[in-house]
Amino acid sequence: MMKIFYVFLVLWVVFTGCDNDFYHDSGLADGKHDCTMWEYLQTDHYNWDSVIVMIEHAGLKDVFDGTNPEFQQITFFAPTNLSINQFLFKTTDEAGEMVYSSVKEVPAELCREMLLAHVLNRRMMKEDIDYEVKGTLTGGTMVTTIGGVELRVYRTLTPYNGIPDIGPESLFFHAVVSGHIAMVASADIEMTNGVVHSLSYTYEFTEL
């Protein structure tokens, strides 16, 4: 039954999440929040409950609540609950059975590795990021995550009514080694100790 539920959940997101330039108007882009990133995540159970569990399970709460002196300001390319649930559903054994039925069954070190691959040790707003060279996999801004993963983060411009580059601006990251590309759904969500760029609901949380 759990597999059937996740299949319907994923299909619902795919077929209902394609409007409005992939923007998910779910309270993720409220702008500035006068609280820590950890406190902000607590305010939206629909999007962040599984993320919170994974952060605690990985022993990374101090990175997100601002109490770790090595990480005073961070940028989090944040997977939502749906992305983490897809990871659980798609991680199967040779018989096709789910390896993990909950976040807490995932090895803590793996949770730590995957989360830190999505975190920068500085505040990085969308305007700090360069544009991609159109039609190529070049351009943008090269960064290295706390987990040691190289990302090419970049902005793109889209056409509107047939006119190039006047449509909505999008933000992506490209993992250099794995080749994985992810789209940001809601950018520049600011807290006192950093900024969240919320990834698309269709993002498949993975080892970068």
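Two strands pair if DSSP finds at least two bridges between them. Helices (H or I, at least four residues) and strands (E, at least two) are themselves DSSP runs, numbered from the N terminus. The structure is a predicted model, in which local features need pLDDT of at least 70 and side-chain atom pairs count only at pLDDT 80 or more, while totals for chains, interfaces and linings use all residues. Residues are numbered from 1 along each chain as its sequence is written, and side-chain values use heavy atoms, with hydrogens and water left out.

The protein contains six helices and seven strands. Along the sequence, these elements follow the pattern α-α-α-α-β-α-α-β-β-β-β-β-β. Of the 208 residues, 48% are buried; buried means under 20% relative accessible area, exposed means over 50%, and partly exposed lies in between (1.4 Å probe, protein chains only). The accessible surface comes to about 10,400 Å², and carbon and sulfur atoms hold 55% of it. Such areas come from the Shrake-Rupley method with a 1.4 Å probe, and for residues only the protein chains shown count as cover. Among contacts (heavy atoms within 4.5 Å) with a separation of 6 or more, 62% join residues 24 or more positions apart.

The strands can be considered next. Strands of a sheet pair through backbone hydrogen bonds, either parallel or antiparallel. Here, seven strands make an open sheet with mixed pairing, in the order β2-β1-β7-β6-β5-β4-β3. Its edge strands are β2 and β3 (141-144), each of which pairs on one side only.

Strand β6 has β5 as one partner: the two pair in the antiparallel sense over four bridges. Phe172 has Met183 of β6 as its bridge partner, and Phe173 has Ala182. Together β5 and β6 form a hairpin with five residues between them, and Gly179 in the turn has a positive phi of about 80°. Strand β6 also pairs with β7 (residues 194-199), again in the antiparallel sense, over five bridges. In this pairing, Val184 stands opposite Leu199 of β7. The hairpin of β6 and β7 has two residues between the strands. Eight of the 11 residues of β6 are buried, so this strand is largely enclosed by the rest of the structure.

The interior may now be examined. A nonpolar core is a set of buried Ala, Val, Leu, Ile, Met, Phe, Trp, Tyr and Cys residues joined through side-chain atoms within 4.5 Å. The largest one has 53 residues, of which Phe64, Phe76 and Phe173 touch the most other members. Leaving aside neighbours within four places in sequence, Phe76 is in contact with residues including Met37, Val51, Phe64, Leu115 and Val195. Helix α6 (residues 108-116) has Leu110, Cys111, Met114, Leu115 and Leu116 buried. These buried residues pack against α3 (45-57), β1 (74-78), α5 (81-90) and β2 (119-120). In helix α5 lies Asn85, which is buried, with a relative accessible area of 16%. The C-alpha atoms of Asn85 and Val103 are separated by 8.4 Å, although these residues are 18 apart along the chain.

Val176 lies in the loop between β5 (169-175) and β6 (181-191) and is partly exposed, with a relative accessible area of 39%. With Met142 and Val177, Val176 forms a nonpolar surface patch of about 300 Å² of accessible area together. Patches are made of residues with over 30% relative accessible area and no salt bridge, where like charges are joined within 9 Å and nonpolar side chains (Val, Leu, Ile, Met, Phe, Trp, Tyr) within 5 Å. A salt bridge is a side-chain nitrogen of Lys or Arg within 4 Å of a carboxyl oxygen of Asp or Glu.
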